[in-house]
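Please look at the sequence and the model shown here.

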Amino acid sequence: MRTTQQWQAADAAHFLHPFTDFQALAKKGSRIITRAENIYLWDSEGQKIFDAMSGLWCVNVGYGQPPLIEAATRQMKDLAFYNAFFQTATPPAIELAELLAEVTPPQFNHVFFSGSGSEGNDTIVRMVRRYWDVLGQPERQVIISRRNGYHGSTMAGASLGGMSGMHAQGGLPIPGITHIEQPYWYQLGREMGKEEFGRVAASWLEDKILEVGPEKVAAFIGEPVQGAGGVIIPPDTYWPAVQAICNKYGILLVSDEVICGFGRTGHWFGCERFGTEPDLMTFAKGVTSGYVPLGGVMVGDRVARVLIEQGGEFEHGYTYSGHPVACAVGLANIRLIRELGLVEKVRNETGPLLAKLYQGLKDHPLVGDAETCGLMGALLLVKDKARGTLFPPELAVGMVCRGHCFGNGLIMRAVGDRMIVAPPLVITPEQIDELGRLIRLCLDKTWADVKDKGWLD
Ligand SMILES: *Cc1c(COP(=O)(O)O)cnc(C)c1O
């Protein structure tokens, strides 16, 4: 085994990391993760780390699960690859399609597989535009999404997303995609109650539809809870109002379930938590618990019927659409989620425990807001709790806190000054206590820094 320094040197010499300032990382050196078990990681220095982010929101069943490992091994031996292009199919892809139809809401009976969430959202753009074409309304091209939403990093995914930093590079968004404000109460609606704000934020969709012209709008896409944007949990009034507006104008509703799917919110899919009936859903991440790459689009009956009965050939697909090894792992993963009762566990036990922990963290002097949804949590670090004053962004207080987390064996992510977690769904009540102790320790250390540096004045 190479030493940490040797790994870092080779990494810096050859590996361009995603969403990374290459030069800055090369100077600092990557952290090298070498193994994992359950909800813990170990780095090349032998330090044990509590992975409160499930890798990248994906390791729902935790690391090292034998059924997934065995499914991949068995499938690689039987049939490592065959495509689904030439009027062929493989048993794992068929079985996973069947199982997905079972665990998703009743309107979903068909799936289009991709290799990732970004690709899934590219498929969404192609598919909704094709749907309206086939129906003889080719002018319906515009897709509405939200600022600070995240839908992946391909041209279409990044365009659907509302990340200004991403749009600033590479000439995005692509034509026919437009954005409305996000339903972030703390930033945009604190002068009103949350319920009222939810309805107001939904009304921005109607404003945009009228501005674009209802006859030109193809679809609205959103994450039930914005993940990468900082675990922005909308008021309960938001999604039902969005659904009503989509219905009123006949616009397709797309739920990007890449993070919220497969139990994260205490329901199989986030749309079930928030009470919508989407026409299409993107999935990835949790479908295989991240063990191998897989994504796709669940296609609701309204869209499937048109594409199947009137669409002819759909000129779109990926080499790895329905990859047999990925699908075999997906099958084993979903069966394990069922067997362990993880969705119910999140809803009835671990989700409420995380909520209680976060309620308690509200008494910390740095914490201006603390909220959870299932096994996702966000803490907003503020300068003045009473007034709700934020720190100036250039102080990067969130990064200071994240530094303490790294130093103390906890992975908690910083999105600006929102500290977010999304632990594996197999987390136990004892491990939630452990998480609470680690978070408090890191908040205390951040608080000490903030006072030392005079950032409260
Ligand atoms: C991660 C993510 C994506 C992109 O998935 P990739 O597999 O990284 O391409 C899309 N949508 C949401 C909501 C995500 O969190």
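Cysteine 401 counts as buried, at 0% relative accessibility; buried means under 20% relative accessible area, exposed means over 50%, and partly exposed lies in between, with a 1.4 Å probe and protein chains only. The model is a predicted one, in which local features need pLDDT of at least 70, side-chain atom pairs count only at pLDDT 80 or more, and totals for chains, interfaces and linings use all residues. Residues are numbered from 1 along each chain as its sequence is written, and side-chain values use heavy atoms, with hydrogens and water left out.

How far is the sulfur of cysteine 401 from the closest cysteine sulfur? The distance is 4.3 Å, to cysteine 405, and this is too far for a bond. A disulfide is a pair of cysteine sulfur atoms within 2.5 Å. By this rule the model has 0 disulfides. Cysteine 271 is likewise in no disulfide, as the nearest cysteine sulfur, in cysteine 260, is 9.4 Å away. Cysteine 271 is buried, with a relative accessible area of 1%.

Serine 289 sits in the loop between strand 9 (280–283) and strand 10 (295–300). Helices (H or I, at least four residues) and strands (E, at least two) are DSSP runs, numbered from the N terminus. Is serine 289 buried or exposed? Serine 289 is buried, its relative accessible area being 0%. Its side chain makes a polar contact of 2.6 Å with the side chain of asparagine 333. A polar contact is a pair of N or O atoms within 3.5 Å; within protein, one must be able to donate a hydrogen and the other to accept it, and residues adjacent in sequence count only if both atoms are side-chain atoms. Apart from residues up to four places away in sequence, serine 289 touches Cys58, Val59, Asn60, Val61, Leu68 and Asn333, where contact means heavy atoms within 4.5 Å.

Threonine 104 is placed in the loop between helix 5 (91–103) and strand 4 (108–114). Threonine 104 counts as buried, with 5% relative accessibility. A polar atom of its side chain lies 2.6 Å from the backbone oxygen of leucine 100. Residues up to four places away in sequence aside, threonine 104 touches Phe269, Met281 and Met298.

Arginine 413 belongs to strand 14 (residues 413–415). Arginine 413 is partly exposed, at a relative accessible area of 26%. Which residues does arginine 413 contact, leaving aside its neighbours within four places in sequence? They are Met53, Leu56, Trp57, Ala228, Arg418, Met419 and Ile420. Arginine 413 and methionine 53 are 360 residues apart in sequence, yet their C-alpha atoms are 7.3 Å apart in space.

**The ligand site**

The ligand is surrounded by Ser116, Gly117, Ser118, Asn121, Tyr150, His151, Gly152, Glu223, Asp256, Val258, Ile259 and Lys285. Helix 6 (residues 117–134) gives the largest share of the shell, 3 residues.

| Residue | Protein atom | Ligand atom | Distance |
|---|---|---|---|
| Glycine 117 | backbone N or O | oxygen | 3.0 Å |
| Tyrosine 150 | polar backbone atom | nitrogen | 3.4 Å |
| Aspartate 256 | side-chain N or O | nitrogen | 2.8 Å |

Taken alone the ligand exposes 380 Å², and the protein buries 83% of that. Accessible areas come from the Shrake-Rupley method with a 1.4 Å probe; for residues, only the protein chains shown count as cover.

**Backbone angles**

Most residues other than glycine have a negative phi, and most peptide bonds are trans. Lysine 285, one of the residues around the ligand, has a positive phi of about 30 degrees although it is not a glycine. Lysine 285 lies in the loop between strand 9 and strand 10 and counts as partly exposed, at 22% relative accessibility.

Serine 54 is not a glycine either, and its phi is positive, about 50 degrees. Serine 54 is part of helix 3 (residues 54–57) and is buried, with a relative accessible area of 0%.

Which peptide bond is cis, with omega near -5 degrees? It is the bond from leucine 172 to proline 173. Proline 173 is found in the loop between helix 8 (164–167) and strand 6 (177–180).

How values were computed:
Near = heavy atom within 4 Å.
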